[in-house]
Structure formats: structure tokens, C-alpha cells
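Subject: Structure for your files

Dear colleague,

Here is the structure we talked about handing over. My notes on it follow below.

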Amino acid sequence: DEEAFLLRDTVRGKFSERENREKHSILLVEENREFSSFLIQVLSEEYNIHTISKAESICDVIRKERPEVVLLAEAFDMISGEKLCLQIKSDVKTAHIPVILFKDAVNVGDDSQRVADCCLALPLDISRLRVEINNLIFNRRIIRKRYVSYSRIISSPARNSVAYSFV
């Protein structure tokens, strides 16, 4: 909890008050209703949680809901969590969204087909999950702010006129 507090303190210093007050959006993709209910119960105070239990339409749901982080189970009836993660990361419209993949403790160290932004072992350490979610959101915000400010510099009329004067 101390790490999460420090991270929240850091986030408050870097972003506007409005950005820090808003609840962040998370998509939980999990077939196990008990586990899903548990995660909703422990995370809903800090985050807006959207859930789906069927993995087939995951990219469509992500495009519609636009979550900041996806929490993804390791296995479903018809497909593995890693394959679903690969679908998310292969789609241009969803590839930028961080994915946390829940895996059995035995499989967490297996990096051979790891495509998720973060893999967490089951049984889940909730305080570590919170820290990972906050870190991913924080890092994506920094990247987005840098990209926006960089694109403004590039498209600035004054900057372009200087560039043209050299040509």
C-alpha cells in the first residue's frame, strides 16, 4: 500500500487536478464469475470497471469502452489469454492499451510467448495489481503528453517557416 500511495502522490504532482480526480477505466476479461466479482469489489472504489466474460469480441469491446488498462485471464474455453493479448496488440486501434495478464504461478516466468505489458501470478496480490495498474496508466499519460507536445512543436507554423528558410 505504501508503494501505491507514493505512486498516487507522484501522479498528483505531474498531472492536473481534474486528471487525478477522474476514475480510470479498466476492462476485466474473465470467465470466472467469483474471481470477477472479487476484483470488482476490491477495485471499483478506485476504477470504473467494465467486465466481459466472453473473449470472442474483445477488440470490439475495447474500441467501444476505450479502457485505460485491460485485465485478462490466462485461459478461456476456446482461446488462451496470450492469444487474446496478441489479438489486442495486433489491432492498430487497440495496440496502445496496456494489458495485464493473470497467469498461474508456474507459468509467470515463461517469457517465450509473452506479449502482455505485465504478467501477474495467481493467487493475486491486490496491492501489487494496484501498483501495476497505476504504473501503466501513469506511463501511458506521460507518453501521451510527450507525443502531444512533440506534435505541436512539429506542426507549429513558426517552426515550419524556419525549416523552410533553410531549404
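Helices (H or I, at least four residues) and strands (E, at least two) are DSSP runs, numbered from the N terminus. This is a predicted model, in which local features need pLDDT of at least 70 and side-chain atom pairs count only at pLDDT 80 or more, while totals for chains, interfaces and linings use all residues. Residues are numbered from 1 along each chain as its sequence is written, and side-chain values use heavy atoms, with hydrogens and water left out.

The sheet. It is open and has 5 strands in the order S2-S1-S3-S4-S5, with parallel pairing; two strands pair if DSSP finds at least two bridges between them. Strand S2 (47–52) and strand S5 (118–122) stand at the edges with a single partner strand each, so one side of each has no neighbour in the sheet. S1 is joined to S2 by 6 bridges and to S3 by 4. On the S3 side, Ile26 has Val69 as its bridge partner, and Leu27 has Val70.

Strand S1. Of its 6 residues, 6 are buried, so S1 is largely enclosed by the rest of the structure. Buried means under 20% relative accessible area, exposed over 50%, and partly exposed in between (1.4 Å probe, protein chains only). One side of S1 carries His24, Ile26 and Leu28, and the other Ser25, Leu27 and Val29.

The cores. A nonpolar core is a set of buried Ala, Val, Leu, Ile, Met, Phe, Trp, Tyr and Cys residues joined through side-chain atoms within 4.5 Å. The largest has 20 residues, and Val29, Ile58, Val70 and Leu72 have the most contacts inside it. At least two residues each come from strand S1 (24–29), helix H4 (58–65), strand S3 (69–72), helix H5 (81–90) and strand S4 (99–104). H4 gives the most, with 4 residues. Another core, of 18 residues, lies apart from it and includes Phe35, Val69, Leu120 and Leu136.

Two residues to look at. Contact here means heavy atoms within 4.5 Å. Leaving aside neighbours within four places in sequence, Val70 is in contact with residues including Leu27, Val29, Ile62 and Ile88. Glu132 has its place in helix H6 (residues 126–155). Why does Glu132 count as buried? Its relative accessibility is 18%. Beyond its neighbours within four places in sequence, Glu132 is in contact with Ile100, Cys118 and Leu120.

Regards
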